[in-house]
Amino acid sequence: QVQLVESGGGLVQPGGSLRLACAASGTIFSFNVMGWYRQGPGKQRERVATLTRGGIVYSTYYAISVKGRFTISRDNAKNTLYLQMNSLKPEDTAVYYCRLNRDGMDYWGNGTLVTVSS
């Protein structure tokens with residue numbers, strides 16, 4: 001069983017930055033997919049940035065809307081996944097969720113709210 005806890009959300013002005021963190025209760029060293037998703041007001045949940053394991057190589061995915069502004073990274077020693085978000089826009093306003101897929105199981109955090117507004 002893995003528990004995921006997101007943090008780092010808040011209110012930020014357009015053009016600002018935030019760093020989200022997802023702390024896992026167990027190791028994140030091995031996974032199939034790990035990443036960030038978001039759900040904006042009145043919208044469906046969408047994939048933002050993910051790491052997908054293919055053998056010993058990990059591939060990175062970014063949604064077109066965040067490419068060049070967001071960066072996903074992980075710290076295996078701290079069992080933590082990060083999302084650095086720069087040049088934030090009002091349309092980035094959403095609840096951001098962390099997801100880990102391993103051994104056929106999907107784990108989700110409860111989310112952290114990011115509000116981009118002046």
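Contact here means heavy atoms within 4.5 Å. Residues are numbered from 1 along each chain as its sequence is written. This is a predicted model, in which local features need pLDDT of at least 70, side-chain atom pairs count only at pLDDT 80 or more, and totals for chains, interfaces and linings use all residues, while side-chain values use heavy atoms, with hydrogens and water left out.

## Overall fold

The protein chain contains 0 helices and 11 strands. Helices (H or I, at least four residues) and strands (E, at least two) are DSSP runs, numbered from the N terminus. Read from the N terminus, the order of elements is β-β-β-β-β-β-β-β-β-β-β.

The radius of gyration, taken over C-alpha atoms, is compared with a globule rule of 2.2 Å times the number of residues to the power 0.38. For 118 residues a compact globule would come out near 13 Å, and the 14 Å of the protein chain agrees with that. Along the principal axes, the C-alpha atoms fill a box of roughly 40 × 25 × 25 Å.

Of the contacts between residues at least 6 apart in sequence, 54% join residues at least 24 apart.

## Surface and charge

A residue is buried under 20% relative accessible area, exposed over 50%, and partly exposed in between (1.4 Å probe, protein chains only). By this scale, 44% of the 118 residues in the protein chain are buried. Accessible areas come from the Shrake-Rupley method with a 1.4 Å probe, and for residues only the protein chains shown count as cover. The protein chain exposes about 6,300 Å², of which carbon and sulfur atoms supply 49%.

For charge, Lys and Arg count as positive and Asp and Glu as negative, with His and the chain ends not counted. Each charge is placed at NZ of Lys, CZ of Arg, CG of Asp or CD of Glu. There are 13 positive and 7 negative side chains in the protein chain, and the centres of the two sets lie 4 Å apart.

## The disulfide

A disulfide is a covalent bond between the sulfur atoms of two cysteines. In the model a disulfide is assigned to a pair of cysteine sulfur atoms within 2.5 Å. The structure holds 1 disulfide. It is formed by C22 and C98, with their sulfur atoms 2.1 Å apart. The pair links distant parts of the chain, since C22 is in strand β3 (residues 18-24) and C98 in strand β9 (residues 94-102), 76 residues apart. The torsion about the S-S bond of C22 and C98 is about -80°, so the disulfide is left-handed. Both C22 and C98 are buried.

## Buried residues in strands

R99 also lies in strand β9. At 16% relative accessibility, R99 counts as buried. Leaving aside neighbours within four places in sequence, R99 is in contact with L4, V33, M34, G35, Y37, D106, Y107 and W108.

F70 is placed in strand β7 and, at 2% relative accessibility, counts as buried. Beyond its neighbours within four places in sequence, F70 has contacts that include R38, V48, Y62, L83, M85, L88 and Y96. F70 and E6 are 64 residues apart in sequence, and their C-alpha atoms are 16 Å apart in space.

## Loop residues

A63 sits in the loop between β6 (57-62) and β7 (70-75). Its relative accessible area of 8% makes A63 buried. Apart from neighbours within four places in sequence, A63 is in contact with R47 and V48.

A77 is found in the loop between β7 and β8, and at 76% relative accessibility A77 counts as exposed.

| Pair | Distance along the chain | C-alpha separation |
|---|---|---|
| A63 and G42 | 21 residues | 19 Å |
| A77 and A63 | 14 residues | 27 Å |

Most residues other than glycine have a negative phi. S87 has a phi near 50°, a positive value in a residue other than glycine. S87 lies in the loop between β8 (80-85) and β9, and at 40% relative accessibility S87 counts as partly exposed. D103 has a positive phi of about 55° although it is not a glycine. D103 is in the loop between β9 and β10 (105-108), and at 69% relative accessibility D103 counts as exposed.
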